[in-house]
Amino acid sequence: MGRFIFSMQSLLNIKEKLEEQEKNNYSQANRRLLEAQEELRKQQERQREAEMRLREEISDALHIGEIRRREDAVEILKGYVAAQEQVVDEREQELEIARVRLNEARKERKTFEKLREKAFEKYIAEENRKEQKEVDELVSYRFSGDTR
């Protein structure tokens, strides 16, 4: 029996490497999203703390300057939170794009693996046919040799 050689093995290898790259890209995008979500959580916590300090300042005594400073801090933190929410949205979109690309790379690799499997099945069938032909020839030769 000869050795099976898949004519598109190099392409399959490339597809496997591309899929691996897409897996890495996906995990990096996921990591960036998690980092952005954590930063958003921290910003929201800082905003809640600033709002709480503002409420305490308002309820304690009327220090107009301190109240205004705390109101400004709350507004600035709201801006940070809004900006971080945009970053999170962008990271979610990047993650979705990476997921789609990963799925496409998987499909392409699986297509080539199916082609390889079919080629191997065809190869096995051809080898079996050749082997059967040899057996038939051998039996025919022996049978014809016995009748003489």
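Colleague: How many aromatic pairs are there here?
Modeller: This is a predicted model. Aromatic rings pair if their centres lie within 6.5 Å. By this rule there are three aromatic pairs. One of them joins Phe-4 and Phe-120. Their ring centres are 5.0 Å apart.

Colleague: Which parts of the chain does the pair of Phe-4 and Phe-120 tie together?
Modeller: Phe-4 lies in the segment before helix 1, and Phe-120 lies in helix 2. The pair therefore ties together parts that are 116 residues apart in sequence. Phe-4, Phe-120 and Tyr-123 form one aromatic cluster.

Colleague: Now the charges. How many salt bridges does a search of the whole structure find?
Modeller: A salt bridge needs a side-chain nitrogen of Lys or Arg within 4 Å of a carboxyl oxygen of Asp or Glu. The search finds 16 salt bridges. Among them is Lys-15 with Glu-108, at 2.9 Å from N to O. Lys-15 is in helix 1 and Glu-108 in helix 2, so this bridge ties together parts 93 residues apart in sequence. Lys-15 is buried, with a relative accessible area of 17%. Glu-108 is partly exposed at 28%.

Colleague: Where do Arg-32 and Glu-94 lie?
Modeller: Arg-32 is in helix 1 and Glu-94 is in helix 2. They are 62 residues apart. Their side chains meet in a salt bridge of 3.5 Å, N to O.

Colleague: What separates Arg-41 and Glu-38 in helix 1?
Modeller: About one helical turn, because they are three residues apart in helix 1. Arg-41 is partly exposed at 41%. Glu-38 is partly exposed at 32%.

Colleague: Which residues are linked in a network of salt bridges?
Modeller: Glu-19, Arg-106, Arg-109 and Glu-113.

Colleague: Which residues gather in a patch of negative charge?
Modeller: Patches are made of residues with no salt bridge and over 30% relative accessible area. Here Glu-85, Asp-89, Glu-90 and Glu-92 gather on the surface. Glu-92 sits in helix 2, which covers residues 64-146. Glu-92 is partly exposed, at 38% relative accessibility.

Colleague: How far apart in space are Leu-34 and Glu-92?
Modeller: Their C-alpha atoms are 9.4 Å apart, and the two residues are 58 residues apart in sequence. Leu-34 belongs to helix 1, residues 9-60.

Key
Residues are numbered from 1 along each chain as its sequence is written. This is a predicted model: local features need pLDDT of at least 70, side-chain atom pairs count only at pLDDT 80 or more; totals for chains, interfaces and linings use all residues. Side-chain values use heavy atoms; hydrogens and water are left out. Patches are made of residues with over 30% relative accessible area and no salt bridge: like charges are joined within 9 Å, nonpolar side chains (Val, Leu, Ile, Met, Phe, Trp, Tyr) within 5 Å. Accessible areas come from the Shrake-Rupley method with a 1.4 Å probe; for residues, only the protein chains shown count as cover. Lys and Arg count as positive and Asp and Glu as negative; His and the chain ends are not counted. The place of a charge is taken as NZ of Lys, CZ of Arg, CG of Asp or CD of Glu. Helices (H or I, at least four residues) and strands (E, at least two) are DSSP runs, numbered from the N terminus. Buried means under 20% relative accessible area, exposed over 50%, partly exposed in between (1.4 Å probe, protein chains only). Rings of Phe, Tyr and Trp (its six-membered ring) pair if their centres lie within 6.5 Å; planes under 30 degrees apart count as stacked, over 60 as edge-to-face and the rest as tilted.
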